[in-house]
Amino acid sequence: MKRTLSIILVSSIALSTTSCASIITGTKDKISFTSTPEGAKVLHKGVEKCITPCTAEIPRSLSKQTVIFEKEGFANKEIKLTKNFNAVSLVNILIGGVIGVGIDAATGSLTKYSPKEYAVELETK
């Protein structure tokens with residue numbers, strides 16, 4: 001009887017401290033970027049992520065996220081990355097409880113980027 005109760009207690013603690021969306025869908029999304037003309041730097045939070053055409057991993061966040069396309073001879077173009085609710089995080093209500101939802105919120109896994117492709121046309125200076 002004690003063994004069964006111990007197993008149930010340990011299982012309950014393990015399940016209540018999980019963060020389902022963080023574990024299942026990760027904390028980053030792969031996003032593709034293209035530009036006309038090609039060869040623009042894609043900057044996220046001031047850090048170069050790639051040069052177009054390219055795909056980069058962008059960390060999820062609950063705050064507003066933008067990327068800047070930068071190419072010499074052209075005006076910089078800033079775009080906002082749009083997000084949708086990550087339905088996988090609903091599993092935390094059933095399994096992970098408040099702790100799991102809190103972890104998903106802290107890691108940005110409550111949302112996911114959509115669309116996963118962005119194309120911009122740069123204008124000459």
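**Entry 1: Lys 116 and its partner**

I started with Lys 116, whose side chain makes a polar contact of 3.4 Å with the side chain of Asp 29. A reminder to myself: this is a predicted model, and I read every distance here as a value computed from it.

Where does Lys 116 sit? I found Lys 116 in the loop between S8 and S9. Is Lys 116 buried, exposed or partly exposed? Its relative accessible area is 33%, so I noted Lys 116 as partly exposed, between the cut-offs of 20% and 50%.

Next I listed what Lys 116 touches, leaving aside its neighbours within four places in sequence. The contacts are Asp 29, Lys 30, Ile 31 and Ser 32.

**Entry 2: the salt bridges**

How many salt bridges does the count come to? I got two. In general, side chains of opposite charge can pair when their charged atoms come close.

One of the salt bridges is between Arg 60 and Asp 29, with the closest N and O atoms 2.7 Å apart. This pair links distant parts of the chain, as Arg 60 lies in the loop between S4 and S5 while Asp 29 belongs to strand S1 (residues 28-36), 31 residues apart.

Asp 29 also forms a salt bridge with Lys 116, and here the closest N and O atoms are 3.4 Å apart. This pair too links distant parts of the chain: Asp 29 is in strand S1, and Lys 116 is in the loop between strand S8 (111-113) and strand S9 (117-121), 87 residues apart. I wrote the three down together, since Asp 29, Arg 60 and Lys 116 are linked in a network of salt bridges.

I then checked accessibility for the other two members. Arg 60 has a relative accessibility of 8%, so it counts as buried under the 20% cut-off. Asp 29 has 5%, so Asp 29 counts as buried as well.

**Entry 3: Thr 52**

I moved on to Thr 52, which is found in the loop between strand S3 (47-51) and strand S4 (54-59). Is Thr 52 buried or exposed? Its relative accessible area is 4%, so Thr 52 is buried.

Which side chain does Thr 52 meet in a polar contact? I found Ser 35, joined to Thr 52 by a side-chain contact of 2.6 Å. Setting aside neighbours within four places in sequence, I listed the contacts of Thr 52 as Phe 33, Thr 34, Ser 35, Pro 37, Glu 38, Gly 39, Ala 40, Val 42 and Phe 69.

**Entry 4: the disulfide**

I looked for disulfides and the count came to one. It joins Cys 50 to Cys 54, with an S to S distance of 2.1 Å. The torsion about the S-S bond is about 45 degrees, so I noted the disulfide as right-handed. Cys 50 counts as buried at 10% relative accessibility, and Cys 54 is buried with a relative accessible area of 13%.

**Entry 5: the open sheet**

What is the strand order in the open sheet? I read S3-S2-S5-S6, four strands with antiparallel pairing. S3 and strand S6 (77-81) stand at the edges with a single partner strand each, so one side of each has no neighbour in the sheet. Neighbouring strands of this sheet are turned by 30 degrees against each other on average, direction ignored.

I took a closer look at one pair. Strand S5 (residues 65-70) and S6 run antiparallel and are joined by five bridges. The bridge partner of Val 67 in S6 is Ile 79.

**Entry 6: the whole chain**

I finished with the totals. The secondary structure of the protein chain comes to four helices and nine strands. From the N terminus on, the elements run α-α-β-β-β-β-β-β-β-α-α-β-β. Buried residues make up 31% of the 125 residues. Of the contacts with a separation of 6 or more, 68% are between residues 24 or more positions apart.

Methods
Residues are numbered from 1 along each chain as its sequence is written. This is a predicted model: local features need pLDDT of at least 70, side-chain atom pairs count only at pLDDT 80 or more; totals for chains, interfaces and linings use all residues. Side-chain values use heavy atoms; hydrogens and water are left out. Helices (H or I, at least four residues) and strands (E, at least two) are DSSP runs, numbered from the N terminus. Buried means under 20% relative accessible area, exposed over 50%, partly exposed in between (1.4 Å probe, protein chains only). A polar contact is a pair of N or O atoms within 3.5 Å; within protein, one must be able to donate a hydrogen and the other to accept it, and residues adjacent in sequence count only if both atoms are side-chain atoms. Contact means heavy atoms within 4.5 Å. Two strands pair if DSSP finds at least two bridges between them. Axes are lines fitted to C-alpha atoms, for helices over the stretch in contact, and angles run from 0 to 180 degrees between N-to-C directions. A salt bridge is a side-chain nitrogen of Lys or Arg within 4 Å of a carboxyl oxygen of Asp or Glu. A disulfide is a pair of cysteine sulfur atoms within 2.5 Å.
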